[in-house]
Amino acid sequence: MAEKLIKPEDLARGISYKHPEKDWRDVPTEMKKGCINYGALPASADYLDLPNVKKWQPMHDDWQLPENWKEIIFEGLKERLKKFRSLQLFMDVCVRCGACADKCHFYIGSGDPKNMPVLRAELLRAVYRSNFTLAGKILGRMAGGRELTKDVIKEWFFYFYQCTECRRCSVFCPYGIDTAEITMMVRELLNLLGLGIDWITTPAANCFRTGNHLGIQPHGFKDSVDFAVDDLEENCGVRVEAPINKKGAEVLVVVPSADYFGDPHYYGFLGYMALFHEIGLDYTFSAFASEGGNFGLFHSNEMMKRLNNKIYAEAKRLGVKWIIGAECGHMWRVLHQYMDTMNGPADFLEEPVSPITGTKFENAKATKMVHICEFTADLIKHNKIKLDPSRNNHWNVTYHDSCNTARGMGLLEEPRYILKNTCNKFHEMPENTIREQTFCCGSGSGIGTDENLEMRMRGGFPRANAVKYVQEKHGVNLLTCICAIDKATLPPLLQYWVPGVEVAAIHELVGNALVMTGENDRSIDLRGDKMGGKEDTEDV
Amino acid sequence: MHVISSLFILALLIGLVFLGVGVLDLQYLFGVIIPYAAITLFLAGVILKVLKWAGAPVPFRIPTTCGQQKSLSFIKADNLEAPHNIWGVLGRMILEVFFFRSLFRNTKTEIKDEKIVYGSDKLLWAAGLAFHYSFLFIFLRHFKFFAEPVPQLMSIMQKLDGFFQIGVPELFLTDIVFIGAVTVLFIRRVVIPQVRYISLPADYFPLYLILGIGGTGICMRYFSKVDIVAIKQLATGLISLNPIVPEGIGIMFFIHFFLVCVLFVYFPFSKLMHFAGVFMSPTRNLINNSRVKRHINPWNPEVKVHTYAEWEDEFREVMKDAGMPLEKE
Amino acid sequence: MLTSLLQKKRTEVLDKWLSLLVNTYPPESVNFFLNKKNQFANPVGCTFAKELGILLDSLIGDQNAEVISGALHTINKIRAVQDFSASEAVAYIFFLKTAIREELGDELKDTKVLKELLSLESAIDGMGLIAFDTYMQNRETLNQIKFSDFKRRSEFFGGGRKRSDS
């Protein structure tokens with residue numbers, strides 16, 4: 001009797017995956033709800049003078065590609081092969097060994113084979129082979145080629161907006177093939193056809209116009225900062241000054257806009273202000289350079305340069321000596337690896353020297369831009385600030401390395417050094433999930449949207465799973481990080497996978513622990529919650 | 001499917017030798033012309049490819065940092081994983097090229113349920129390393145055919161290789177390692193579903209080719225004896241650009257030799273170019289010093305920017321109302 | 001009787017069940033989910049393996065509802081964000097029946113055992129119902145998160161920081 005019924009396992013397999021093992025080139029891609037991002041608003045794209053602007057959504061059948069779309073792609077690819085050795089090389093040398101296959105957080109969380117970095121790259125490589133290599137031109141599919149069709153464009157859109165450019169795969173690749181590079185190239189190609197996503201294009205347009213991704217105008221920026229000054233006074237009893245556009249200040253401080261706007265970024269922002277006040281730093285914010293982040297990085301190298309331009313321009317106008325960059329991941333990828341090349345040389349600035357400790361930041365000699373964690377760690381090392389770690393005793397802390405600062409910069413120990421001096425309870429997540437092997441939040445590179453939530457939850461699962469481990473093993477209740485996208489997207493991720501763990505900036509803990517001259521009883525922390533729990537101290 | 005199609009090509013190639021040498025008696029074509037053509041194509045192809053790569057600039061300094069950057073004096077920098085000078089890069093490249101550092105990273109001894117579990121990736125690293133080194137060793141060993149007298153180094157290598165003196169002629173360890181490693185790489189590709197899924201004919205074909213070369217080579221040494229003296233004559237003739245084809249070289253040799261030629265020709269057009277590419281990878285061979293020294297992009301584009309003056313023009317009124325400093329009142 | 005049989009064959013039944021569950025994923029990835037044993041490198045597969053074990057044990061043990069719904073919750077959290085419809089997502093519960101029948105085979109001919117099996121299968125059905133609830137709870141959480149994310153984004157583009165936020 002049982003044989004006649006539909007077995008549940010047939011049902012479950014039937015709909016999604018009942019295909020025999022087909023060549024991946026023959027498996028069609030479906031635009032699935034919860035896994036795609038909306039197309040760019042024409043107004044934003046127009047403001048940035050982007051090509052082929054249209055009112056368009058990826059779930060529509062007709063993507064309104066321009067007449068000569070194939071030519072655009074081929075010309076675009078040809079141009080980029082000549083401009084980027086990385087692209088040319090990564091197209092040619094992959095041996096498909098599979099070392100990267102199970103290193104991508106999206107693959108780990110979904111099992112979708114096209115989320116294996118090697119296959120993601122093959123999506124472009126197959127087209128490259130068919131049109132740019134001798135073997136591919138003659139042998140076509142046999143040589144691993146694939147004809148460029150509208151469906152391939154759709155597949156590119158689907159999968160290259162499912163890569164967060166986190167570079168984890170490139171750590172494991174024997175030739176250092178970096179899928180982030182390939183993703184960046186394909187996104188540039190897609191943008192040539194007007195196929196950008198809104199969560200990248202609109203913030204970029206905002207940033208170009210007002211100076212920050214959120215589109216906050218100068219007076220709004222000032223309001224936010226003034227408001228933060230009030231908040232800080234309420235919490236600490238100290239009134240700080242937070243100058244904006246102040247000419248002749250020694251240091252320009254550039255923060256990601258989420259810092260003065262988003263939760264929990266904001267508490268870190270309070271932390272910076274408290275710190276700068278306490279050490280008497282002569283600094284200024286800028287309403288023009290009111291964004292350190294750079295969604296241009298997720299769009300094209302030209303857009304990255306356009307948005308990044310204002311930082312040096314403003315430093316020059318204000319006549320500062322050097323620049324501090326606040327906590328943000330992709331912002332630091334740009335500042336560290338691209339800014340000086342694109343918009344330098346910064347010969348109008350001076351080599352950064354901490355006015356408090358006298359330390360020369362020789363690692364920022366040319367760029368003249370210092371990471372705030374480098375700056376703060378140096379202060380702590382020289383005993384220039386007084387910290388009371390027990391004020392963070394209500395937190396049991398772990399640290400999430402942001403992809404960009406870890407794999408695109410090598411900033412691993414500075415934040416840990418700060419943490420060890422600002423809290424008493426600190427526990428690392430497992431070894432293969434931190435430092436250079438850190439797992440992405442699953443929402444980086446401009447895909448942290450609500451319409452893409454299911455994909456984000458899948459992609460973030462490996463990270464959340466490691467957090468869950470330290471929550472269960474050590475009672476961790478706070479995940480610290482130094483990335484604005486992390487701070488925006490880890491809270492919903494943890495709310496889903498690991499309820500009970502909060503997210504915070506490193507400088508929120510600094511702000512809490514900082515003993516300030518003239519402070520009040522500090523009974524509440526920067527969040528306005530009860531501070532401390534000073535009695536239960538545990539060894540680190 | 002891909003597994004079969006590329007095997008078919010190998011069979012075709014071997015058939016070609018039987019036809020050419022066995023039936024049509026084209027010893028000179030297979031013994032001299034094709035080898036010269038193959039080596040020419042190989043050299044030209046490799047050089048052109050490398051020049052093509054080198055011709056594309058590295059616009060941005062994009063090393064993948066796998067360790068601590070050099071920043072503050074009290075934080076220990078990791079020069080091998082995030083190189084901050086040329087020595088670091090050299091070290092990193094040596095580890096990468098000679099020890100497959102990145103592949104090794106995969107391998108982790110894991111403890112699960114109190115038991116040690118080895119990750120399957122260790123296999124890839126070990127087999128890869130064993131394959132490349134035994135291949136190199138065998139390749140070098142072949143120079144004994146081209147040089148007279150045989151250099152001492154070759155004799156030493158041969159002695160080492162036949163250390164255990166099993167059988168007559170003594171069994172070379174490298175032969176066993178070589179065949180074993182290639183077989184592992186092949187089986188891995190067929191058995192692990194993810195790897196099978198990503199594999200193309202271009203992945204199976206070189207493995208078949210290499211197995212074919214190794215197989216015929218071993219066959220000649222241990223089973224179907226060929227005239228070594230005649231082969232050495234051919235080899236020295238070729239290398240002194242004074243080619244002669246002596247009588248009595250067995251068909252097995254021609255198959256072996258032809259497959260080597262095919263490998264040489266195939267090389268520059270295939271993924272095998274990774275042997276040169278690994279040296280040029282911008283995520284590995286650059287110093288992580290982009291904040292210390294400005295990296296130049298030769299095509300740094302002119303872009304439209306939003307200037308402060310334009311910005312202030314748009315927001316002057318609101319800024320004035322908010323009491324913010326202005327350039328122009 | 002049945003209980004001791006199942007205890008004896010626990011590993012086989014569990015492996016079978018896990019393999020049926022994992023086979024709802026693309027064939028290329030089944031091997032990865034099943035064989036990669038590091039819980040951080042393969043959180044999906046390892047979570048499934050662990051939680052199915054808990055489910056089976058408590059099913060043949062004391063059938064503690066809290067333990068069962070906890071394990072179901074953990075698995076369904078994963079299934080809820082992958083490309084499955086509701087029925088596809090929770091169907092794995094019923095795979096246990098198949099696993100038991102296949103692994104016990106001949107031993108089920110005994111009518112006494114068969115009777116016990118019937119009542120165990122009722123328990124599995126009950127578990128299916130709880131699974132559906134936990135799946136829905138997870139979807140609900142997801143929708144809440146989606147909503148608050150959407151709200152946050154609207155606020156982002158809406159102007160300055162509101163005093164009530166802090």
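This is a predicted model: local features need pLDDT of at least 70, side-chain atom pairs count only at pLDDT 80 or more; totals for chains, interfaces and linings use all residues.
**Exercise 1.** Work out how helix α6 and helix α8 of chain A are oriented to each other, and which residues make the contact.

*Solution.* Let's begin with the axes.

1. Helix α6(A) covers residues 117-132 and helix α8(A) covers residues 150-160; their axes come within 10 Å and cross at roughly 150°.
2. Angles over 145 degrees count as roughly antiparallel, so α6(A) is roughly antiparallel to α8(A).
3. For handedness, α6(A) passes α8(A) in a left-handed crossing.
4. On the α6(A) side, the contact is made by Arg120(A), Leu123(A), Leu124(A) and Val127(A). From α8(A) come Val152(A), Glu155(A), Trp156(A), Tyr159(A) and Phe160(A).

**Exercise 2.** Now take α8(A) with helix α10 of chain A: describe their crossing and the make-up of their contact.

1. Helix α10(A) spans residues 179-192, and its axis comes within 10 Å of that of α8(A), with a crossing of roughly 130°.
2. This angle makes α8(A) oblique to α10(A).
3. The crossing of these helices, α8(A) and α10(A), is left-handed.
4. Next, list the partners: α8(A) brings Ile153(A), Trp156(A), Phe157(A) and Phe160(A). They meet Ile182(A), Thr183(A), Val186(A), Arg187(A), Leu189(A) and Leu190(A) of α10(A).
5. The contact residues divide into 8 nonpolar, 1 polar and 1 charged.

Key: Residues are numbered from 1 along each chain as its sequence is written. Chains are lettered from A and ligands numbered from 1 in the order in which they are written. Side-chain values use heavy atoms; hydrogens and water are left out. Axes are lines fitted to C-alpha atoms, for helices over the stretch in contact, and angles run from 0 to 180 degrees between N-to-C directions. Helices (H or I, at least four residues) and strands (E, at least two) are DSSP runs, numbered from the N terminus. Angles under 35 degrees count as roughly parallel, over 145 as roughly antiparallel, 65 to 115 as roughly perpendicular and the rest as oblique. A crossing is left-handed if the near helix is turned anticlockwise from the far one by less than a right angle, and right-handed if clockwise. Contact means heavy atoms within 4.5 Å. Ala, Val, Leu, Ile, Met, Phe, Trp, Tyr, Cys and Pro count as nonpolar, Asp, Glu, Lys and Arg as charged, and the others, Gly among them, as polar.
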